[in-house]
Amino acid sequence: MNSRNSTNRLSPTSNFGSRISFLMLSMFSTMAALYVAGRLWLDSENRVYLIQELDRRTGQGRSAISVDDTLKIITCREQQKRLAALQMELGKASQEGFVSKHLLGNNEKDSKKKLLAVVGVSTNFGNKKNRDAIRKAWMPTGTALKKLEEKGIVIRFVIGRSSNRGDSSDRAIDDESRHSNDFIILNDHVESSQEQSKKTKLFFAHAVDHWDAEFYAKVNDNVYINLDAVGAVLASYLDKPRVYIGCMKSGEVFSQPGQKWYEPEWWKFGDKKSYFRHASGEIFAISKALAQFISINRSILRTYAHDDVSAGSWFIGLDVKHVDEGKFCCSSWSSGSVCATA
């Protein structure tokens, strides 16, 4: 009897302590969330300024905005979305009396920054001079390449393996890769001029499996690009979830063996032997959803003699926005393009 009364007397004190602990924890969590919201709010004016600056420059037709500027603006827009979500969570927290675990989970998920683009420069064993020229002209090396990746753009040369696995060609690429650290080596692909379409397909699948980016772009190793301008062009299409960007073209399907652009399966393109609309293979980009589609369906996607035609065929029948981007036409710099062929 005495034992029961003793227990009852201690119970109110224990409950009171638990309430105090819960109240203190709730107040601390709410104050922490308000602090984060406040810091984001203090930066809002800078974000708005950067966005307005991009709009102003774009409206004046200027292409001098840098990759840094573009990536900062993208980050600011993402921060604005996060701030709006945080404010909604805080409203809910004030009603419940504590900050929900869902809010903390969202903050952890958003902390990993999404890349703007992964750029694959398609190359082969005999083109080391082209790769060296690109490294000198527009592709950063060493720590500069790493810093560019931290800002949101990954660039890699893309190459397969020799048909004689482990021969001097393979060893030379392995040595170059160890020195430069700027290769994607597709170990399951045999390097061949007749297999360029499969190589392009495997690049997109590999890239989307290894990097989370808004866009994935393929470039030939005889193309020189203005990286700042390419970043600005891609950023202008961020609001389109399934987009295929390039210098769109069509033309004759060559059916005679020995012709430069011979297509062995010419008969599949109809009696008039004309290609459907597709982006030039010199440079084109696709959004993440399309790269994921290629990755998932890589084993059944048909490839033709040329990778630009093959890529165009993969998106026929899909709800895809084809963008005929004149700036990706590499015929000349004077036309306003962001690229030129060597």
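These questions and answers walk through how some features of this predicted model get their labels.

This is a predicted model, so local features need pLDDT of at least 70 and side-chain atom pairs count only at pLDDT 80 or more, while totals for chains, interfaces and linings use all residues. Residues are numbered from 1 along each chain as its sequence is written, and side-chain values use heavy atoms, with hydrogens and water left out.

Q: What makes up the secondary structure of the protein?
A: There are 11 helices and nine strands. Those are DSSP runs, numbered from the N terminus: helices are H or I with at least four residues, strands are E with at least two.

Q: Why is Asp307 called buried?
A: Buried means under 20% relative accessible area, exposed means over 50%, and partly exposed is in between (1.4 Å probe, protein chains only). Asp307 has 9%, so it counts as buried. Across the protein, 42% of the 342 residues get that label.

Q: What makes H11 largely enclosed by the rest of the structure?
A: Eight of the eight residues of H11 are buried, so the rest of the structure largely encloses it. Asp307 sits in this helix, which spans residues 307-314, and Trp314 is another of its buried residues. The cover over them includes helix H8 (196-210), S4, S6, S7 and H10.

Q: How do you know which residues Asp307 touches?
A: Contact means heavy atoms within 4.5 Å. Leaving out residues up to four places away in sequence, Asp307 touches Gln196, Ser197, Thr200 and Lys218.

Q: How do you know that the buried residues of H6 line one face of the helix?
A: In H6 (residues 142-151), Leu145, Leu148 and Glu149 are buried. Seen down the axis of H6, the buried residues fall within an arc of 100 degrees, so they line one face. That arc is taken from the directions from the helix axis to the C-beta atoms. On the other side of H6, Thr143, Lys147 and Glu150 are exposed. Just after H6 comes Gly152, with a positive phi of about 130 degrees.

Q: Why are S3 and S8 called edge strands?
A: Two strands pair if DSSP finds at least two bridges between them. Seven strands form an open sheet with mixed pairing, in the order S3-S2-S1-S4-S7-S6-S8. Strand S3 (183-190) and strand S8 (321-324) each pair on one side only. The twist averages 40 degrees from one strand to the next.

Q: How do you know that S4 pairs with S1 and S7?
A: Seven bridges join strand S1 (residues 115-122) to S4, in parallel, and five bridges join S4 to S7, antiparallel. The cut-off is at least two, so both count as pairs. Val118 has Tyr216 in S4 as its bridge partner, and Lys218 stands opposite Phe284 in S7.

Q: What makes S4 mostly covered?
A: Six of its eight residues are buried.

Technical notes:
Axes are lines fitted to C-alpha atoms, for helices over the stretch in contact, and angles run from 0 to 180 degrees between N-to-C directions.
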